[in-house]
Amino acid sequence: MRALRLTAWGEPPALAEVERPVPRGAEVLVRVEATGLCHSDLHVMGAAAGALPYRLPFTLGHEVAGRIAALGPDTDGVRAGDRVVLYGPWGCGTCDRCDAGRDNYCDRRDTLAWHGAGLGRDGGMAEYVLVPSARHLVPIDDLPADQAAPLSDAGLTSYHAVAGLRHALGKGSTTAVIGVGGLGHLAVQILRATTGSRVLAVDVREDALALADRSGADFGTLVRADTARVLKARTGGAGVDAVLDFVGTTQTLELAVGALRPGGELAVVGSGGGRLAVSKPGVLPPGFRLSLPFWGTRPELAEVVALARSGAIHVETEHLPLSAAPEAIARLRQGRVRGRAVLVPD
């Protein structure tokens, strides 16, 4: 079968022919129908040798949806032919958190040589993907694969971040979403579907603001020197109740705290490497709370799938065949992907 393989650190991945896996024990073989491409993939591809615990080579792709093709003899709870989406973060499988479906916060995460499908273990940028256990599968029924696949990261991560702030997002509240890409446009929709908050969208691109508008944002603005003041003005001068930062650079972090009201909530999801200085008086709003949500839980993925099946959220996608993966990667690096790029086996 064909697969997009990372074979050397710092080098681009390459399409290769590999053997189709055979499920053993509790493993499940899934025939891939769609795989999302995201910035996390770029971080893995660009990592220096030794920066990640992963062993080369492996197949990329952690946002995966498809149909169960074969089962190991010890598999339980699923059937051949079931349509599923993969829960991407794979933990140790034995700690209390993994047992509760919270592999994203696995107690042994720092000791593992992988972090999930396409993250040290073979992922879904291939015709088939081998899943170590049925517990990593969530049924999607008739949901189209191109909609289901991005839910496993772009949808789940956004949902998890919003869930952590939901106590502050009642009727009359205001949330700013910084960065309206693959995750941000879903965060806008999730906020509208699950909270009473007004949504203000911020990006550096006009087309991203248009995407925010299509996703239901109440207001959108480009990043400028006075953006924090503009956002505050939308709240009568008090400041926003919460900020979801899907970029995470120093510029966006400073914008976030500049727009927050006292006692506000800042969730940093983006991995832009930014810094906030906490030693400067008057820079940070008093009483503000910072969280660093990571991915999401398996029960939350089922909730995201339910939202998508109900029509409450919709992923804006661009389809490319697996053979065009190099082109898709280049476009993502250049910021030319609208919503989520989805690779489909040729």
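His 160 is found in helix H3 of this predicted model, and the residue is buried, because its relative accessible area of 12% falls under the 20% limit. Setting aside residues up to four places away in sequence, His 160 touches Asn 104, Tyr 105, Pro 293, Phe 294, Trp 295, Gly 296 and Glu 300.

**Overall form**

- The secondary structure of the protein comes to nine helices and 18 strands, and the C-alpha trace spans about 60 × 40 × 35 Å along its principal axes.
- The radius of gyration of the protein is 20 Å, which agrees with the value near 20 Å that a compact globule of 346 residues would have.
- Among the contacts with a separation of 6 or more, 70% are accounted for by residues 24 or more positions apart.
- The side chains include 36 positive and 37 negative ones, and the centres of these two sets lie 4 Å apart.

- The largest nonpolar core holds 68 residues, of which Leu 37, Val 44, Leu 60, Leu 151, Leu 244, Leu 301 and Val 305 touch the most other members.
- Leu 151, one of the residues that touch the most other core members, is in contact with Leu 143, Leu 156, Leu 301, Val 304, Val 305, Ala 308, Ile 313 and Val 315, when residues up to four places away in sequence are not counted.
- Ala 306 lies in helix H8, which runs over residues 298-310, and this alanine is partly exposed, with a relative accessible area of 43%.
- Although Ala 306 and Leu 143 are 163 residues apart along the chain, their C-alpha atoms are separated by 9.5 Å.

**A second core and Leu 231**

- A second, separate core consists of 20 residues, including Ile 178, Ala 228, Leu 231 and Phe 288.
- Leu 231 lies in helix H6, residues 227-233, and is buried, with a relative accessible area of 1%.
- Leaving aside neighbours within four places in sequence, Leu 231 is in contact with Ala 176, Leu 200, Val 202, Thr 221, Val 240, Leu 255 and Ala 259.
- Leu 231 and Phe 219, which are 12 residues apart in sequence, are 9.3 Å apart in space from C-alpha to C-alpha.

**Backbone features in loops**

- Most residues other than glycine have a negative phi, and most peptide bonds are trans.
- A cis peptide bond, with omega about -5°, joins Leu 56 and Pro 57, and Pro 57 lies in the loop between helix H1 (39-45) and strand E4 (58-59).
- Asp 141 has a positive phi, near 55°, and is found in the loop between strand E10 (137-139) and helix H3.
- Trp 295 likewise has a positive phi, near 50°, and its place is in the loop between strand E16 (289-291) and helix H8.
- The accessibility of these two residues can be set side by side: Asp 141 is partly exposed, with a relative accessible area of 44%, whereas Trp 295 counts as buried at 6%.
- Trp 295 is also among the residues that His 160 touches.

**Gly 124, a buried loop residue**

- Gly 124 is found in the loop between strand E8 (120-121) and strand E9 (128-131), and is buried, with a relative accessible area of 1%.
- Apart from neighbours within four places in sequence, Gly 124 is in contact with Val 32, Thr 35, Leu 60, Gly 61, Val 64 and Val 129.
- Leu 60, one of these contacts of Gly 124, is also among the residues of the largest nonpolar core that touch the most other members.
- Gly 124 and His 185 are 61 residues apart in sequence, and the distance between their C-alpha atoms is 23 Å.

Conventions:
Residues numbered from 1 in each chain as written. Predicted model: local features only at pLDDT ≥ 70, side-chain atom pairs only at ≥ 80, totals over all residues. Heavy atoms only, no water. Helix = DSSP H or I, 4+ residues; strand = E, 2+ residues; numbered from the N terminus. Rg over C-alpha atoms; globule rule 2.2 N^0.38 Å. Contact = heavy atoms within 4.5 Å. Lys, Arg positive; Asp, Glu negative; His and termini not counted. Charge placed at Lys NZ, Arg CZ, Asp CG, Glu CD. Buried < 20%, exposed > 50% of the residue type's maximum accessible area, 1.4 Å probe, protein only. Core = buried A, V, L, I, M, F, W, Y, C linked by side-chain atoms within 4.5 Å.
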